[in-house]
Amino acid sequence: MKISHRTLITGLAATGAASPAAAATADIAIAIPQLKVAEYHKPYVAVWLEPATGASARTLAVWYDADNREDAGQKWLRDLRAWWRKGGRTLKMPANGISGATRAPGPQRARFNLGALPPGAYRIVVEAAREEGGREVVTLPFTWNGKGARASASGSTELGAVVAAIRP
């Protein structure tokens, strides 16, 4: 049986298999609000990528007090509860290319290499938790088709506006 290239390509496109996984980069802007409280501590922040189905997550960044004497900063990582349950507890910290220092209030920008990302529905999740403060999770759903995507959401207390631009 001889299958023409046109038939084969059309058939693959119909199943969604014609689009190969394309390397993607995410530029994420996270606004950390300045809170007027008696005792303010910079928030711990975790950023991760997961399929929309909620399957296994890939940690992109964890901002925490890594230089704390006697590694006391690590004991507060579990306050990032959603990230901790998604796999943070198994991550050896500090992790090269993932962990970093806490960030001051104001706009923060970060760029992440997402690697080969197959087409599909995903979400970028940002969680912030603060000592003597609250905790908040912001989810940015997007559909990746290999051409680019944008997503945005806003928190109400520990996080401000979060904007992601995903590019090939």
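Trainee: How many of the 6 residues of strand β3 are buried?

Mentor: This is a predicted model, and strand β3 covers residues 58-63. Buried means under 20% relative accessible area. The strand is mostly covered, and the number of buried residues is 5.

Trainee: Which strand joins β3 through 5 bridges?

Mentor: Look at the residues that face each other. L49 has R58 of β3 as its bridge partner. The two strands run antiparallel, and the one joined to β3 is β2, residues 44-51.

Trainee: Which residue takes a positive phi in the hairpin of β2 and β3?

Mentor: Go to the stretch between the two strands, which has 6 residues. The phi in question is near 85 degrees. The residue is G54.

Trainee: In which sense do β3 and β4 pair?

Mentor: Strand β4 holds residues 99-100. V62 has S99 as its bridge partner, and W63 stands opposite G100. There are 2 bridges, and the sense is parallel.

Trainee: Which residue lies over the face of W63?

Mentor: Start at the ring of W63. A side chain sits 4.0 Å from the ring centre. That residue is R103.

Trainee: Which strands stand at the edges of the sheet?

Mentor: The sheet is open and has 5 strands, with mixed pairing. Its order is β4-β3-β2-β6-β7. An edge strand has a single partner, so one side of it is left without a neighbour in the sheet. The edge strands are β4 and β7.

Trainee: Is the aromatic pair of Y122 and F142 stacked or edge-to-face?

Mentor: The structure has 3 aromatic pairs. In the pair of Y122 and F142, the centres are 5.8 Å apart and the planes make 25 degrees. Planes under 30 degrees apart count as stacked. The pair is therefore stacked.

Trainee: How far apart in the chain are Y122 and F142?

Mentor: Y122 is in strand β6, residues 120-129, and F142 is in strand β7, residues 135-144. Y122 is buried at 11% relative accessible area, and F142 is buried at 5%.

Trainee: Is E50 buried or exposed?

Mentor: K86 counts as partly exposed at 31% relative accessibility. E50 has a relative accessible area of 4%. Under 20% means buried, so E50 is buried.

Trainee: Which residue forms a salt bridge with R130?

Mentor: R130 is in the loop between β6 and β7, and its partner is in the loop between β8 and β9. They are 28 residues apart. Both are buried. With closest N and O atoms 2.8 Å apart, the partner is E158.

Trainee: What share of the residues of the protein count as buried?

Mentor: The protein has 3 helices and 9 strands. It has 168 residues. The share that counts as buried is 35%.

Notes: Residues numbered from 1 in each chain as written. Predicted model: local features only at pLDDT ≥ 70, side-chain atom pairs only at ≥ 80, totals over all residues. Heavy atoms only, no water. Phe/Tyr/Trp six-rings, centres within 6.5 Å; stacked < 30°, edge-to-face > 60°. Helix = DSSP H or I, 4+ residues; strand = E, 2+ residues; numbered from the N terminus. Buried < 20%, exposed > 50% of the residue type's maximum accessible area, 1.4 Å probe, protein only. Lys NZ or Arg CZ within 6 Å of the ring centre and 35° of its normal. Pairing = 2+ DSSP bridges. Salt bridge = Lys/Arg side-chain N within 4 Å of Asp/Glu carboxyl O.
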